[in-house]
Amino acid sequence: MFSAYKFNRMEIAGSFGDLGTLLPIALGMIVFNGLSASGLFFSVGLFYILSGMYYKTTVPVQPMKVIGAYALAAGLTAAQIAASGLLIGLLLLIVGGTGSITFIGKYVPKPVIRGVQMSTGILLMTHGLKFIAGSSKLQLLQKAAEPYLTIQAIGPVSIGLILGGAGMMLTFIFLNNKKIPAGIIVVFAGIMTGVFLGNHNGFDTFKFGLHLPTILPFGMPSRIDFSFALLVLVLPQIPMTLGNAVIANADLSKEYFKEKAEKTTYKSLCFSMGFANIVSFAFGGMPLCHGAGGLAAHYRFGARTAGSNIIIGLIFVFLSLFLGIHALPLLHLIPISVLGVLLFFAGSQLALTILDMNSRNDLFVILTMLAITLASNLALGFAVGIVLSYALRWKRFSV
């Protein structure tokens, strides 16, 4: 008999599977953009829990990467980010409520879906390797491969490469082990490294307390904030959200969970993300989505039920309510290179979904989308993939 909730070691391991995507962007937006730690962690935790309770399967919760990446790179204000969250939440409710997403999803060819999954997977693997090599934007801004460790190298070798290599080896050894899940081993080893080698910045002021999220901690964004957010953040994010967080995510959920994923529809995903972003806006959090990469990450490290959502959701709610900004030193115990290991294997799981594609034309669409994504962005790759896929259906075109 199918159980929607299990709380065993595999679900615990799977619940940590997407920390490589979530934590770097979340921590960066708290430190560099001034978002509310209490509001952000509470929004993430609540979204995880409610999503699991509704969908009854493992459901990912991720930052919106276009918005997150640009916000970090450009140093945007918390008000501008909040405005983007409200706008994209309302747009998703409109797209879902009018049925537009059902129409869009119906006419998106399967090779394009696989192209989105492949491109996202490769991007995750690339970012994972950057975390290990110490070349991500976050590490470059901090001018250190492992900003929260006291040791940056052993001889001529970066500590990130050493930890990343060890994490890769552990993951390969335990990846398919049902008794000792790789996710728990890697995260625990990372935390122990932080305990013994960490600089422990912030622990001198560390304390428990009640930190209730504040409603509209930055006030209501101005008209200028909303205009800027719409043009610079929301419009570039929408194609990626519809392609990856809705269409590709629904497809992957049905592939993993079959009939158990009956509630994971295009419309329901739009609604859940829409409401989640309005709540996140209210608490001063970051824009959130259901990325297909997150689902692949949770699944690859052992998550098979909504129990994983409850586990990770409760952790984030605890961090929010009882630690607030004081949660940052705890999260900094996990080395960035260890998060990179999680990200790399999550990306590989997602990229391998193309294995059911064997037509030359279909593979050409996927590879073209990948090339455009790497050269530009996923939104453009998604648009070109649709046009190219339909063009190759005509007899006069072939590869």
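**Stop one: helix H17**

Select Ser359 and Asn361 to begin: at the start of H17, a side-chain oxygen of Ser359 comes to within 3.3 Å of the backbone nitrogen of Asn361. Keep in mind that this is a predicted model.

Now select the whole helix, residues 360-375.

Next, colour the buried residues of H17: Asn361, Val365, Ile366, Thr368, Met369, Leu370, Ile372 and Thr373. What do they pack against? Show helix H7 (110-133) and helix H18 (378-391), and you have the partners.

**Stop two: the largest pocket**

H17 and H7 turn up again here: along with helix H2 (19-31), helix H4 (65-74), helix H8 (137-142) and helix H11 (223-257), each gives at least two residues to the lining of the largest pocket. To find its centre, select Ile25, Lys65, Ala69, His127 and Lys137, the nearest of the 33 lining residues. The space inside comes to about 930 Å³. Which helix supplies the largest share of the lining? Select H4, with seven residues. Colour the lining by class and you get 20 nonpolar, ten polar and three charged residues.

**Stop three: the second largest pocket**

Move on to Phe16, Val187, Ile191, Leu331 and Ile334, which lie nearest the centre of a pocket lined by 15 residues. H2, helix H10 (182-197), helix H14 (307-322) and helix H15 (327-331) each give two or more residues to this lining. The volume of this second largest pocket is about 300 Å³.

Technical notes
Residues are numbered from 1 along each chain as its sequence is written. This is a predicted model: local features need pLDDT of at least 70, side-chain atom pairs count only at pLDDT 80 or more; totals for chains, interfaces and linings use all residues. Side-chain values use heavy atoms; hydrogens and water are left out. Buried means under 20% relative accessible area, exposed over 50%, partly exposed in between (1.4 Å probe, protein chains only). Helices (H or I, at least four residues) and strands (E, at least two) are DSSP runs, numbered from the N terminus. Contact means heavy atoms within 4.5 Å. A polar contact is a pair of N or O atoms within 3.5 Å; within protein, one must be able to donate a hydrogen and the other to accept it, and residues adjacent in sequence count only if both atoms are side-chain atoms. On a 1 Å grid over the protein atoms alone, a cavity is a set of points where a 1.4 Å probe fits but cannot get out, and a pocket is an open set with protein on both sides within 12 Å along at least five of seven lines; lining residues have an atom within 4 Å of a point. Grid points are joined across faces, edges and corners, and a volume is the space filled by probe spheres set on the points. Ala, Val, Leu, Ile, Met, Phe, Trp, Tyr, Cys and Pro count as nonpolar, Asp, Glu, Lys and Arg as charged, and the others, Gly among them, as polar.
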